[in-house]
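Student: I have a chain open in the viewer and would like a close look at one part of it. Please walk me through the packing around that part.

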Amino acid sequence: MSAAAPGEGITYEPDEKCSIALSLGMGIQGVVLALAPTVLGMSLFVQAANLSQRQATWAVVAAILVCGMTSVLSAARLGPVGGGHNLLIISSTAFLAVSILAVNRAGPQTFASLVVASALCHIVLARWLHRLSRIITPVVSGVVLMLIAIGVMQVAVDRLDGSSEGVTAAAEPAVALITILSAAAVAMRARGRLRLWSPVLAVIVACVIAALFGLFDLEGVRDAAWIALPRPDMPGLDLTPGVDFWTLLPMFLVVSLASVIKTMTTSVVLQRVSWRQPTTPDYRLVRGTVNAIGVGSLAGGLAGTLPVGTMDATSISFASLTGVAARRVGYSIGAIFVALAMLPKFVAALLSIPHAVTSGYLIFFMGLLFVEGLRLVFQDGIAPQKAVIVGVSIGIGASLHGNNLMESIIGGAWGALLGNGMILGTLTALLLTAYIELSSRKRSRLEAELKAEALREVDGFLSEVAASVGWNEASANRLRLVGEESLLSLIEASEEESQPRLVVIAQPAPAKIELELRASLDAENLEDRLTFLSERSEASHEGAFSLRLLSHFASTVRHRQYSGIDIITVEVERR
């Protein structure tokens, strides 16, 4: 049986209206899916951050309210905000680790300022993503994730100090270990929808064990009202940011960049599965989705809670499996989230989870975050240059964690800034990546219309590239032949009535030139779309037309098609 095409099973498209009963029923399902990671993430945050009872209660309530507001914004189309599709919004687990560090080190006000700054950058980064992607590579992002994981694991371990009254000193470490083992066991065996709830199941098991050790305190749950309006307790912003702000800001910005990439990619795929007929993604809606997440995170920062993020794969599956992509569902999800924020007893139950349980799960979660960093680093293999970047950056960052040598040498604000292991490791990765980029031969670029008349332009362009790197006539002719054949193949594959744009990029390397020809009907958003391709290559597929002639002249030949873009990549070696 062949697989269903994207959007084939859609009953209600985004612009169609389903019944109120159906939208509420679907909204409840969406909230159930999004509530588990939000609840667990906020429980980990408020306890690891050592907030007061009132601050913790408001942080959880604010997170639920912000998730509801952002769900509505992402489903709507309010000018530049909103993508017109249903996204499952959660408190971003990507920011969990660095947020815990920020609150513990600098306090709620500086943390709120960092979230606001990263939210504003989230919106700005969407327009500059294709430029930044050459420096903030997957290797740099992976190094940052690993350094954050190392730092937060130490924070989690430090919290297991046996300070709970009336229990033995071994109780908290024992419960934390049981939490880690339970989380691992459930995560490895859970399947299907049960897997979405595996973190909560692991925490429930650990809470039962913690109760047997006498670590549970249910007084707050008993005293809480069933229904009440939220009582705001916003920390405010630090308008005179100090060393801690500037130390942590690069971490927040890198995580924001990763969040932008994930949001944009999810929005592209969600558009494809939300309509019955195949459609080319509208990148204005992609930007609207990114802006909605940015606005939601901005609201979260002002309220003193975590930024928001999306449940990427689950959002896509939610639309494709249910067949309901109507925007009314997004509005219903938002309304239900707001209603939940008015149930204080529910919030108090979340805050009653023992510290030992949240510390154990935090260690487990940080271990997975470290592996995610490794995956980013190794996703395209490990070249010697990558190995040096990762080894040196992790070595510097990990060795200086908790041991600020620079502060004792330099002193003052700069010493505190440069002596932080995570920031120094990140700066090392960025500087080494920039060095590779600056020391490499510059790429050459040509833009033209995709038609036979462009052959002369492409031929002259490639002749200049070959001459600039000192290639002999035979090698230059091979490069020109490859360019001609690639161009003719793209022209053959394009529709006659269309007028796509052609972009030719030549990247010289030792003893070879990598040539890439790109054809797209949408030249304005071509760079953003190619960023999605480079980050999520599984969304592309090999082209159908033959490039057999090229294989006689090029060492590597690849044709990809992605969302209306045709790309031919070839490597021509010098002979």
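In which helix is Val115 found?

Tutor: Val115 is found in helix α4, residues 108-132. Keep in mind that the model is predicted. Val115 has a relative accessible area of 0%. The cut-off for buried is under 20%, so Val115 is buried.

Now its surroundings. Set aside the neighbours within four places in sequence. Val115 is then in contact with Phe252, Ser297, Gly300, Gly301, Thr305 and Pro307. Val115 and Gly304 are 189 residues apart along the chain, yet their C-alpha atoms are separated by 8.4 Å.

Take Phe252 next, one of the contacts of Val115. Not counting residues up to four places away in sequence, Phe252 touches Phe95, Val98, Ser99, Ala102, Phe111, Leu114, Val115 and Ser118. Phe252 also belongs to the largest nonpolar core, which has 103 residues. Phe252 is among those with the most contacts inside that core, together with Phe45, Ile148 and Leu362. Helix α1, residues 20-48, gives the most to this core, with 12 residues. As background, nonpolar side chains tend to be buried together in soluble globular proteins.

Helix α3 covers residues 96-106. α3 and α15 pack at an angle of about 125°, with their axes 11 Å apart. That makes α3 oblique to α15. On the α3 side, the contact is made by Leu96, Ala97 and Ile100. On the α15 side, Leu362, Phe365, Met366 and Leu369 take part. The residues of this contact divide into seven nonpolar, no polar and no charged.

Helix α15, residues 355-378, also packs with helix α6, residues 171-189. Here the angle is about 50°, and the axes are 7 Å apart. α6 and α15 are therefore oblique to each other. α6 passes α15 in a right-handed crossing. From α6 come Glu172, Val175, Ala176, Thr179, Ile180, Ala183, Ala184 and Ala187. They meet Ala356, Val357, Gly360, Tyr361, Ile363 and Phe364 in α15. The residues of this contact divide into 11 nonpolar, two polar and one charged.

One more residue in α6 is worth a stop. Ser182 lies in this helix. Ser182 is buried, with a relative accessible area of 13%.

Compare a residue in another helix. Val143 is found in helix α5, residues 138-158. At 0% relative accessibility, Val143 counts as buried. Leaving aside neighbours within four places in sequence, Val143 is in contact with Val377, Val390, Ser393, Ile394, Gly425 and Ala429. Val143 and Gly391 are 248 residues apart along the chain, and their C-alpha atoms are separated by 9.3 Å.

Finally, step back to the whole chain. The chain has 22 helices and eight strands. Of its 575 residues, 51% count as buried. Take the contacts in the chain with a separation of 6 or more: residues 24 or more positions apart account for 79% of them.

Definitions and conventions: Residues numbered from 1 in each chain as written. Predicted model: local features only at pLDDT ≥ 70, side-chain atom pairs only at ≥ 80, totals over all residues. Heavy atoms only, no water. Axes fitted to C-alpha atoms, helices over the stretch in contact; angles between N-to-C directions. Helix = DSSP H or I, 4+ residues; strand = E, 2+ residues; numbered from the N terminus. Parallel < 35°, antiparallel > 145°, perpendicular 65-115°, else oblique. Left-handed = near helix turned anticlockwise from the far one by under 90°. Contact = heavy atoms within 4.5 Å. Nonpolar A, V, L, I, M, F, W, Y, C, P; charged D, E, K, R; others polar. Buried < 20%, exposed > 50% of the residue type's maximum accessible area, 1.4 Å probe, protein only. Core = buried A, V, L, I, M, F, W, Y, C linked by side-chain atoms within 4.5 Å.
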